[in-house]
Amino acid sequence: MTPHSLAFYLDVIASGTVLGAKPTDTPDRVAELLGPDFGENSFDVHSMWRDYGMTEFFWSRESADHPWSGHHFTLQVHRLAHGRREAVEETLRARYGRFERRLRFEKVRRLLAKRGTALVEVPEDPVQAPYYRTFWQPDSLVAVSVIGAREEGITPSGLRVGDVYSVTGPMTPDEVEYRTARHRRHHA
């Protein structure tokens, strides 16, 4: 992993932003920070997301007459496993250089710990366990999804156990509490 691209992931996880773009920012503000090169997607007038490459930002609104409200962002790290250069948006490549095909979670976790940024494992959705594991950063509210076990058709073929699948923000304390309570009920 090149030091610069690794720094990008550490910054996102520690800050809860992508190049300063917060999950609650408007579409215009995100485009100002990430650039104008994105694909815009929508199922209806109530939701929209913009795909910049590896980075996706999501918004919702009450009706077409209301402004967009930022919901969350996701770094689709698993897209890098295919080895396509365009999987990482030009804005990130220009600033951070080359991104490796796989991001090893333990390396990220160790470097974050050196910075004083802890990650806490939270119970995984039962449908995803044991194939995925989720780690949460309580201050930035960022969640890191990691391959926990390999299974054909469930986990991407280009990733190994211990590789980061995605990085998402925010994961609220309410979501963590819900997952924890559900886990206790299923294992009581």
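**Figure 1. Pairing of strand 6 with strand 7.** Two strands count as paired where DSSP finds at least two bridges between them. In this predicted model, strand 6 and strand 7 are joined by six bridges and run antiparallel. With a relative accessible area of 11%, S140 is buried, because the limit for a buried residue is under 20%. The C-alpha atom of S140 is separated by 26 Å from that of A81, a residue 59 positions away along the chain.

**Figure 2. Strand 7 and its surroundings.** Strand 7 spans residues 142–147. Six of its six residues are buried, so strand 7 is largely enclosed by the rest of the structure. Both of its faces are covered. V142, V144 and V146 lie buried on one side, while A143, S145 and I147 lie buried on the other.

**Figure 3. Strand 8 between two partners.** Strand 8 pairs with strand 7 in the antiparallel sense through four bridges. In this pairing V146 stands opposite V164 of strand 8, and S145 has S166 of strand 8 as its bridge partner. Strand 8, residues 164–169, is also joined to strand 4, residues 69–75, by three bridges. Strand 4 and strand 8 are likewise antiparallel. Here F73 has G169 of strand 8 as its bridge partner.

**Figure 4. The largest pocket.** The volume of the largest pocket is about 370 Å³. Its lining comprises 19 residues, of which T134, A143, T168, M171 and R179 are the closest to the centre. At least two lining residues come from each of strand 4, strand 6, strand 7, strand 8 and helix 5 (173–186). Strand 8 makes the greatest contribution to the lining, with four residues. By class, the lining consists of seven nonpolar, eight polar and four charged residues.

**Figure 5. The two sides of helix 2.** P27, V30, A31 and L34 of helix 2 are buried. These residues lie on the same side of helix 2, because they cover an arc of only 100° around the axis. On the other side of helix 2, D28 and E32 are exposed. R29 forms a salt bridge with E32, and their closest N and O atoms are 2.5 Å apart. Both residues belong to helix 2 (residues 27–34), where a spacing of three residues separates R29 and E32 by about one helical turn. An α-helix has 3.6 residues a turn, so residues three or four places apart point the same way. R29 is partly exposed at 33% relative accessibility. E32 has a relative accessible area of 59% and is therefore exposed, since exposed residues are those over 50%.

Figure 6. R109 and E106 form a salt bridge in which the closest N and O atoms are 3.7 Å apart.

Figure 7. The closest N and O atoms of R133 and E121 are 2.7 Å apart, and the two residues form a salt bridge. R133 lies in strand 6 (residues 132–137) and E121 in strand 5 (residues 120–122), so the pair ties together parts that are 12 residues apart in sequence. R133 has a relative accessible area of 37% and is partly exposed. E121 is partly exposed as well, with a relative accessible area of 40%.

**Figure 8. A salt-bridge network.** Side chains of opposite charge can pair when their charged atoms come close. Salt bridges link D51, E56 and R79 in a network. Across the whole structure, 13 salt bridges are found.

Terms used
Residues numbered from 1 in each chain as written. Predicted model: local features only at pLDDT ≥ 70, side-chain atom pairs only at ≥ 80, totals over all residues. Heavy atoms only, no water. Salt bridge = Lys/Arg side-chain N within 4 Å of Asp/Glu carboxyl O. Buried < 20%, exposed > 50% of the residue type's maximum accessible area, 1.4 Å probe, protein only. 1 Å grid on protein atoms, 1.4 Å probe; cavity = no way out; pocket = protein on both sides within 12 Å on 5 of 7 lines; lining within 4 Å. Points joined across faces, edges and corners; volume = space filled by probe spheres on them. Nonpolar A, V, L, I, M, F, W, Y, C, P; charged D, E, K, R; others polar. Arc of directions from axis to C-beta.
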